Amino acid sequence: MRLFVSGIAPWRCERGVRRCRTVVGVRPSNGKAVLLALALATVLTGAASCEVSSTPGAAAPSSTSTTGSGGTASATKPPAGNPANATAALDQLTVAAAGSMAGYSREKFTHWIGQGDGCDTRDVVLKRDGKGVKADAECKITAGTWYSPYDDKTLTDAKALDIDHMVPLAAGWRSGASKWTDEQRKQFANDLTRPQLFAVSLQSNRSKGDQDPSTWKPPNKGYWCTYAQDWVTVKSFYKLTVTAAEKSALTEMLATCK
């Protein structure tokens with residue numbers, strides 16, 4: 001008998017596939033050929049498992065705390081930014097006209113996904129951003145206190161809160177996300193690692209809509225510095241573009257940093 005190996009080459013992975021597979025078949029041969037073929041098949045099969053690596057903006061980052069249904073429902077707030085770093089990062093962003101909204105839908109940015117313990121991304125953000133937060137066995141938030149920095153309001157009813165995407169889904173689409181895969185857009189929409197998700201008042205979130213800082217800024221001017229830093233951090237990580245007007249507005253906001 002003789003073994004033969006076919007399938008995907010072990011030194012490369014199919015685009016978007018996490019594992020490469022090697023198929024081993026059998027053909028008649030002599031004993032020595034069988035031993036050689038077995039050794040070869042073992043080497044190829046071991047080498048055939050490879051991880052798809054990628055860079056933000058071109059593909060979803062390989063590690064994130066967007067855990068999915070099997071993870072643990074917890075998160076810590078992203079660390080505070082640095083105005084000087086944000087200014088430098090803003091200068092590195094590509095300035096381009098806003099892209100077309102053709103083909104856009106929120107459904108292309110799957111959210112909210114399960115984060116473990118019966119909680120979804122919204123639940124995790126509410127727990128992270130609130131104080132004295134309580135939840136039932138199904139992770140439904142039943143009590144807590146939240147501060148909405150956009151409009152400087154304190155709230156005690158989870159139903160009065162929205163989870164805001166710092167860079168709105170539609171704004172992401174116009175600045176590069178239209179070219180991403182559904183998996184990349186899902187990470188962007190559920191990103192607990194970058195300063196992308198915040199519990200804020202319904203009014204402030206719906207007033208913002210999908211606008212960038214050139215047309216909407218938080219009513220609470222004391223939050224402009226932090227808001228601009230967070231916006232730049234997200235756009236920089238995901239390699240999204242900014243318009244000239246957007247960059248000008250962000251520069252103005254960063255100038256309020258003390």
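User: Hi! Is T243 buried or exposed, and at what relative accessibility?
Analyst: This is a predicted model, in which local features need pLDDT of at least 70 and side-chain atom pairs count only at pLDDT 80 or more, while totals for chains, interfaces and linings use all residues. Residues are numbered from 1 along each chain as its sequence is written, and side-chain values use heavy atoms, leaving out hydrogens and water. Buried means under 20% relative accessible area, exposed over 50% and partly exposed in between, with a 1.4 Å probe and protein chains only. T243 therefore counts as buried, at 18%.

User: Where is T243 found, and which residues does T243 touch?
Analyst: T243 is found in the loop between α7 and α8; helices (H or I, at least four residues) and strands (E, at least two) are DSSP runs, numbered from the N terminus. Contact means heavy atoms within 4.5 Å. Not counting residues up to four places away in sequence, T243 touches V95, A96, A97, A98 and D212.

User: How do the axes of α2 and α8 run relative to each other?
Analyst: Two packed helices are described by the angle between their axes and the distance between the axes. The axes are lines fitted to C-alpha atoms, for helices over the stretch in contact, with angles from 0 to 180 degrees between N-to-C directions. For α2 (residues 83–92) and α8 (residues 244–254), the axes come within 11 Å and cross at roughly 170°. Angles under 35 degrees count as roughly parallel, over 145 as roughly antiparallel, 65 to 115 as roughly perpendicular and the rest as oblique, so α2 and α8 are roughly antiparallel.

User: Which residues of α8 meet α2, and what classes make up that contact?
Analyst: From α2 come A86, T87, L90 and D91, and they meet K247, L250, T251 and L254 in α8. Ala, Val, Leu, Ile, Met, Phe, Trp, Tyr, Cys and Pro count as nonpolar, Asp, Glu, Lys and Arg as charged, and the others, Gly among them, as polar. By class, the contact has 4 nonpolar, 2 polar and 2 charged residues.

User: Why do the buried residues of α2 lie on the same side, and which elements do they pack against?
Analyst: A86, A89 and L90 are the buried residues in α2. They share a side of α2 because they cover an arc of only 105° around the axis, the arc being that of the directions from the helix axis to the C-beta atoms. The face turned away from this buried side carries the exposed residues A84, N85 and Q92. The buried residues themselves pack against α7 (224–237) and α8.

User: Which elements do the buried residues of α5 pack against?
Analyst: In α5 (residues 182–189), the buried residues are Q184, R185, Q187, F188 and A189. Their packing partners are β8 (161–165), α4 (169–174), β9 (197–201) and α7.

User: What is the relative accessibility of V200, and which residues does V200 touch?
Analyst: V200 is found in strand β9 and counts as buried, at 0% relative accessibility. Leaving aside residues up to four places away in sequence, V200 touches S148, P149, Y150, A160, L161, D162, D164 and N205.

User: Is A137 buried or exposed?
Analyst: A137 is found in the loop between β5 (130–135) and β6 (141–148). At 81% relative accessibility, A137 counts as exposed.

User: How many helices and strands does the protein chain have?
Analyst: Buried residues make up 41% of the chain's 258 residues. The secondary structure comes to 8 helices and 9 strands.
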